[in-house]
Amino acid sequence: MTLTPPGRSPNTEQIKCKDCPLRGNEAFRAFTEEELDFVQTFKGGELVADAGTTIFLEGNNSAHLYTVLSGWVFRYKLLHDGRRQILNFGLPGDFFGLQSSMFGEMDHSVEALTDVVLCVFPREKVWQLYEHYPNLGFDLTWLAAREQFILDENLLTVGRRTAIERVASVLLHVFQRIQQLGMARGRRVDIPFTQQQLADALGLSHVHTNKTIKKLTSENLIDWHPPILHVKDLEGLVRAANDELTSLPVRPFI
């Protein structure tokens with residue numbers, strides 16, 4: 001089964017879970033053979049979506065959950081007048097859509113930031129996972145708790161950090177996540193979001209975000225020529241974020 005939005009040809013060569021290119025990444029917990037077999041039966045297909053495709057729409061129900069196999073997505077909420085708050089960015093290995101399994105409808109939307117390939121899981125099988133594979137059930141709980149932690153950090157950033165601290169903090173954490181996935185080239189990483197999308201994540205205007213990036217650049221902390229971000233002074237960026245550099249935990253992968 002392959003789910004495909006309009007305008008894209010079917011993804012006919014689906015990747016078997018045992019051959020998943022993300023499984024060997026040290027960022028993720030390893031599966032047992034039994035768990036791997038279940039996840040393969042749990043997987044309902046793959047979704048191939050262009051950048052800009054809406055995966056979930058706020059207020060709608062979804063029959064599926066997703067893992068990002070390649071590409072980036074972002075979660076967001078809209079006000080009635082069109083103002084947008086980006087909640088967070090999803091990278092390869094990130095899992096989303098669990099909320100629809102718990103509450104029946106989404107209170108946020110999800111959009112493909114780049115061209116993406118997503119592993120698709122039918123939500124009616126979630127209960128089999130909890131019933132027969134408690135370790136995987138714990139993993140889902142861990143992922144939900146991690147999402148809450150990220151939202152707490154984002155609330156702190158938007159509510160109390162200065163503009164410099166906000167921009168530095170988001171760039172720092174995104175840089176660390178990309179590094180953990182092994183997608184960095186030294187201190188250089190590809191980040192596909194625009195300054196406007198960064199502004200939407202930080203609750204700042206585009207103009208203010210641009211001025212803040214220029215200040216970080218003038219202080220020789222970063223060099224950002226989209227899509228390439230060069231972190232020239234990691235320790236300085238940490239100080240600018242009023243944050244600390246922590247090692248990211250090994251996390252579940254479904």
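Contact here means heavy atoms within 4.5 Å. In this predicted model, Q195 is in contact with H206, T209, N210, I213 and W224, when its neighbours within four places in sequence are left aside. Q195 lies in helix α6. The C-alpha atom of Q195 is separated by 27 Å from that of M106, a residue 89 places away along the chain.

Helix α6 spans residues 195-202 and packs with helix α7, residues 206-218, at an angle of about 105°. The axes of these two helices are 9 Å apart. Since angles of 65 to 115 degrees count as roughly perpendicular, α6 and α7 are therefore roughly perpendicular to each other. On the side of α6, the contact is made by Q195, Q196, L198 and A199. The residues contributed by α7 are H206, T209, N210 and I213. By class, the contact of α6 with α7 comprises 3 nonpolar and 5 polar residues, with no charged residues.

Helix α7 also packs with α5. The axes of α5 and α7 come within 9 Å and cross at roughly 75°, which makes α5 roughly perpendicular to α7. From α5, the residues A163, I164, V167 and A168 take part in the contact.

An open sheet of 3 strands has the order β9-β11-β10, and its pairing is antiparallel. The edges are formed by β9 (188-190) and β10 (222-225), each of which has a single partner strand, so one side of each is left without a neighbour in the sheet. On average, neighbouring strands of this sheet are turned by 15° against each other, direction ignored. Strand β9 is joined by 3 bridges to β11, residues 228-231, and the two run antiparallel. Within this pair, R188 stands opposite H230 of β11. Helix α5, residues 163-180, packs on the sheet and touches β9, β10 and β11. The direction of α5 makes about 90° with that of β9.

An open sheet of 4 strands is ordered β2-β7-β4-β5, likewise with antiparallel pairing. Here β2 (54-56) and β5 stand at the edges with a single partner strand each, so one side of each is left without a neighbour in the sheet. Neighbouring strands of the sheet are turned by 30° against each other on average, direction ignored. Strand β4, residues 73-78, pairs with β5 in the antiparallel sense over 6 bridges. The bridge partner of K77 in β5 is Q85. Helix α6 packs on this sheet, touching β4 and β5, and its direction makes about 105° with that of β5.

The largest pocket holds about 740 Å³ of space. Its lining consists of 32 residues, of which F149, I150, E153, H173 and R177 lie nearest the centre of the pocket. The elements that give two or more residues to this lining are β5 (84-90), α4 (134-160), α5 and α6. Helix α4 gives the most, with 10 residues. By class, the lining of the largest pocket divides into 17 nonpolar, 7 polar and 8 charged residues.

The structure holds 1 cavity of 30 Å³ or more. The volume of the largest cavity is about 110 Å³. This cavity is lined by 14 residues, and C17, C20, V39, C119 and F253 are the closest to its centre. Strands β3 (64-70) and β8 (116-122) each supply at least two residues of the lining of the largest cavity. The residues of that lining divide into 10 nonpolar, 1 polar and 3 charged.

Key. Residues numbered from 1 in each chain as written. Predicted model: local features only at pLDDT ≥ 70, side-chain atom pairs only at ≥ 80, totals over all residues. Heavy atoms only, no water. Pairing = 2+ DSSP bridges. Axes fitted to C-alpha atoms, helices over the stretch in contact; angles between N-to-C directions. Parallel < 35°, antiparallel > 145°, perpendicular 65-115°, else oblique. Nonpolar A, V, L, I, M, F, W, Y, C, P; charged D, E, K, R; others polar. 1 Å grid on protein atoms, 1.4 Å probe; cavity = no way out; pocket = protein on both sides within 12 Å on 5 of 7 lines; lining within 4 Å. Points joined across faces, edges and corners; volume = space filled by probe spheres on them.
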